[in-house]
Amino acid sequence: MSDQPAPTASARLVSLDVFRGITIAAMILVNNPGEWGAIYSPLGHAKWHGWTPTDLIFPFFLFIVGVAMTFSFDKRLARGDNRVRLMEGVLRRTIILFCLGLIMYGFPNFRLIAPYILLIVGLILLFRHEPPFTLGRTPEERINKAIGWALTAAAIVWWTWDFSYFQTKHPSPVGVLRVPGVLQRIALCYLAASVVMLWTGVRGRVIVTLVLLVGYWLIVRHVSPPASYEPGFTGRPEGLLHDWLDQLLLGEHLYRERPDPEGLLSTLPAIATTLIGILTGTWLHTSRDNRDKALGMFFVGNILIVAGLWWGMAFPINKKIWTSSYVLLTGGIALEMLAMCFWLIDVKGRRVWSWPFFVFGTNAITVFFLSGLLGRWMTIWQVEGDRGTMSLKNWIYTELFRPTFESAYNASLAYAAAYLVLWFLLLLPLYRRRIFIKI
């Protein structure tokens, strides 16, 4: 195959893009089965304690975010950029990511789109001239800054005022808007990990990671919600504190399954997952031979896996509340996966197999966001079929996939695979034109 990843640039690691592509492809596959009642167990999440291959996907992505941050920040720090200026860019990306997540959960209701566009235009104008969050120095800068500040303030006021539309007492067509989510957690972890990375060294990052993991374990073990709290679920005492805190701060804006798997308290150990990625990226930036780097990742990955399994005997591995043992286990497996990609691509030079994943990895956030919108739209859009009115997704599945396969499980998996191929074909023109959309 002629289309292969370009040689690794000084500020880009091809194996990291490939690992990101593997992760995002797996995320699309597990998020879009033909029918949720017919999925093979490895393609579903563990009910509570324990883990499946699907439970590795989200922590892999946060780990990758951490590794990628080192390549971006180290390059800019090396050329003399100010840390405060870097944090301004971090804040901009955090806001954009968080709001994209809200739009995903609000879709197909477009009431969030208008203030979001105002916010983006406002941020563009603010960041047009450095430093961004000032009033400007020249007349042109002052005009741009004034308009940027006005649009940003208008977006915040509009969004705050209109948010009552998504409350329980004023239900929107999409129901109560969920505030936590995948992109929202990525945004918060990115923000917190950026602060740690920019103002601490390796030792400080290790200390913060350990404090987050041990502190979270102690909180979950020794802190209980008030006696007056009425949980939204039963039989899961480890998640009571999480659900109480989410209800206290976010009200009804939560996932239907409780505790919310992207809730506030469990975001703390998720930050530690991102910091493990930062520590890995720091290791990759050393002057050591690539073979030594790969061996180091394998070695540390094994240690983390064993530590996670050992801690899991006292603090069970659990994705829904992101336990500390889960952080160590998934961080270790992520290190092993990146080490394998790094060994094959950057050490041995075997890249042909990785090309499809590189296509996904170079526009990961874009394909995650758009594939989520299309998937939701297909479940809402109604069409007339032989069996009456049904969603477009159900029509495609029941008319094309279900009759082709004897097993509903195989038909459901084939639909998910076809959806993944569709997005590969849609991304291909962007890859060929070297268009990489960044937040």
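Student: What should I know before reading the numbers?
Tutor: The model is predicted, with local features needing pLDDT of at least 70 and side-chain atom pairs counting only at pLDDT 80 or more, while totals for chains, interfaces and linings use all residues. Residues are numbered from 1 along each chain as its sequence is written, and side-chain values use heavy atoms, with hydrogens and water left out.

Student: How much space lies in the largest pocket?
Tutor: About 1800 Å³, where a volume is the space filled by probe spheres set on grid points that are joined across faces, edges and corners. A pocket here is an open set of points on a 1 Å grid over the protein atoms alone, where a 1.4 Å probe fits, with protein on both sides within 12 Å along at least five of seven lines, and lining residues have an atom within 4 Å of a point.

Student: Which residues lie nearest its centre?
Tutor: The largest pocket is lined by 48 residues, and N31, W36, R178, Y255 and R256 lie nearest its centre.

Student: And which helix gives the largest share of that lining?
Tutor: That is α13, with eight residues; helices are DSSP runs (H or I, at least four residues), numbered from the N terminus. Among the elements that each supply at least two residues are α1 (14-31), α6 (182-199) and α13 (364-380).

Student: What is the lining made of, by class?
Tutor: The lining of the largest pocket has 24 nonpolar, 14 polar and ten charged residues, counting Ala, Val, Leu, Ile, Met, Phe, Trp, Tyr, Cys and Pro as nonpolar, Asp, Glu, Lys and Arg as charged, and the others, Gly among them, as polar.

Student: What about the second largest pocket, how many residues line that?
Tutor: It is lined by 29 residues, with R20, A68, S72, K438 and I439 nearest its centre, and α2 gives the most to this lining, with ten residues. The space in the second largest pocket is about 1000 Å³.

Student: Switching to helices, why call α6 largely enclosed?
Tutor: Because 13 of its 18 residues are buried, α6 is largely enclosed by the rest of the structure; buried means under 20% relative accessible area, exposed over 50%, and partly exposed in between, with a 1.4 Å probe and protein chains only.

Student: Which elements do the buried residues of α5 pack against?
Tutor: They pack against α3 and α4 (113-126), and the buried residues of α5 include E141, K145, T152 and W159.

Student: Now N32, is that buried or exposed?
Tutor: N32 counts as buried, at 12% relative accessibility, and its place is in the loop between α1 and α2. Leaving aside neighbours within four places in sequence, N32 is in contact (heavy atoms within 4.5 Å) with G375, Y415, A416 and Y419.

Student: What does the side chain of N32 reach?
Tutor: It reaches the backbone oxygen of I28 at 2.8 Å.

Student: And where is S325?
Tutor: S325 lies in helix α11 (residues 324-347) and counts as buried at 0% relative accessibility, with its side chain reaching the backbone nitrogen of I317 at 3.4 Å.

Student: Which residues are joined by a cis peptide bond?
Tutor: R258 and P259 are, with omega about 0°, and P259 is found in the loop between α8 (240-250) and α9 (267-284).

Student: What is the phi of W322?
Tutor: Phi of W322 is near 50°, a positive value in a residue other than glycine. Most residues other than glycine have a negative phi, and most peptide bonds are trans.

Notes. Polar contact = N/O pair within 3.5 Å; in protein donor to acceptor, adjacent residues only side chain to side chain.
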